[in-house]
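Could you get the sequence and the model up on the screen, please?

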Amino acid sequence: MEDMSQSPDHPTPEFMSVSAVQCANCFQWRLISSQEEYEEIRENFIQKPWFCDDKANVTCQDPSDIEYDATRTWVVDRPNIPKTPSGFKRYVHVRKDYSRADTYYILPGGKKVRSRTEVESFLEANPGYRDAGITVDSFCFTTPKIMKETIPEDVEVGSSNKKKMKRSKMDGFVDEYE
Ligand SMILES: [Zn+2]
């Protein structure tokens with residue numbers, strides 16, 4: 001009923017989030033431990049598909065790190081989202097009722113923004129970032145897709161009356177997105 005976990009300026013993810021990427025050759029999922037590395041792979045995914053070999057000491061012959069199944073809720077990013085500029089932080093928050101995900105950025109200084117317009121005015125007010133090559137196109141507010149079949153069965157999507165769920169969330173991305 002009450003939702004104490006969402007404090008706008010201090011995001012406390014209610015999910016444990018891990019990121020995975022799918023090999024373009026064997027289609028197995030591999031865990032990517034660093035957010036930065038994940039963002040780099042995602043940014044270039046179309047031009048530069050990812051293979052198991054790109055991960056240290058892993059080949060396509062190794063069993064997958066993680067299975068795409070309903071033991072976790074999967075949230076699938078669109079490929080080629082620009083890597084978050086240094087000093088900024090990109091977050092995806094999945095609503096408790098799984099109805100949708102929201103994408104936002106934390107600006108240097110801690111302000112939370114949810115739209116290109118807000119980014120625009122920040123860059124306007126802080127031209128130093130523009131000089132460093134950061135533009136509004138360095139930001140992408142596209143929301144990832146919540147994979148319906150991985151939502152827990154006892155969740156009524158869209159219902160606001162939910163108790164807190166201890167459940168991990170997967171970030172991943174696929175080629176087709178819609
Ligand atoms: Zn592979």
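I'll go from confidence to overall layout, then the cores, and then a sheet and a couple of loop residues.

Ground rules first. Residues are numbered from 1 along each chain, as its sequence is written. This is a predicted model, so local features need pLDDT of at least 70 and side-chain atom pairs count only at pLDDT 80 or more, while totals for chains, interfaces and linings use all residues.

On confidence: pLDDT is the predictor's confidence in each residue, from 0 to 100. The protein has a mean pLDDT of 83, and 80% of its residues reach 70 or more. A contact here is two residues whose C-beta atoms, placed from the backbone, lie within 7 Å. Residues 174–178 are also below 50, with five contacts beyond near neighbours in sequence. Where pLDDT is low, the predicted coordinates should not be read in detail.

Now the layout. Helices (H or I, at least four residues) and strands (E, at least two) are DSSP runs, numbered from the N terminus. By that count the protein has three helices and eight strands. Along the sequence the pattern goes β-β-α-β-β-β-β-α-α-β-β. If you take contacts between residues at least 6 apart in sequence, 69% of them join residues at least 24 apart.

What about burial? I call a residue buried if 20 or more other C-beta atoms lie within 10 Å of its own, exposed if 12 or fewer, and partly exposed in between, with C-beta atoms placed from the backbone. Of the 178 residues in the protein, 21% are buried.

So, the cores. A nonpolar core means a set of buried Ala, Val, Leu, Ile, Met, Phe, Trp, Tyr and Cys residues joined through C-beta atoms within 7 Å. The largest has nine residues: A20, V21, C23, I32, Y38, I41, F45, W50 and C52. At least two residues of this core come from β1 (15–22), and at least two from α1 (35–43). There's a second, separate core of seven residues, including W74, V75, V76 and V94.

Stay with α1 for a moment. Y38, I41 and R42 are buried there. They cover an arc of only 100 degrees around the axis, counting directions from the helix axis to the C-beta atoms, which puts them on the same side of α1.

Next, the sheet. Strands pair if DSSP finds at least two bridges between them. We have an open sheet of three strands, in the order β4-β5-β6, with antiparallel pairing. β4 and β6 (112–113) are at the edges with a single partner strand each, so one side of each has no neighbour in the sheet. Between β4 and β5 (residues 101–106) there are six bridges.

Which residue in β5 stands opposite Y91? That's Y104. Y91 lies in β4, residues 89–94, and V92 has T103 as its bridge partner in β5.

Last stop, the loops. N80 is in the loop between β3 (73–77) and β4, whereas Y98 is in the loop between β4 and β5. That hairpin has six residues between the strands.

Are these two buried or partly exposed? N80 is partly exposed, with 15 other C-beta atoms within 10 Å. Y98 is buried, with 22. Leaving out residues up to four places away in sequence, Y98 touches I146, I151, V155 and V157. Its C-alpha atom is also 9.7 Å from that of M147, 49 residues away along the chain.

That's my tour, so over to you.
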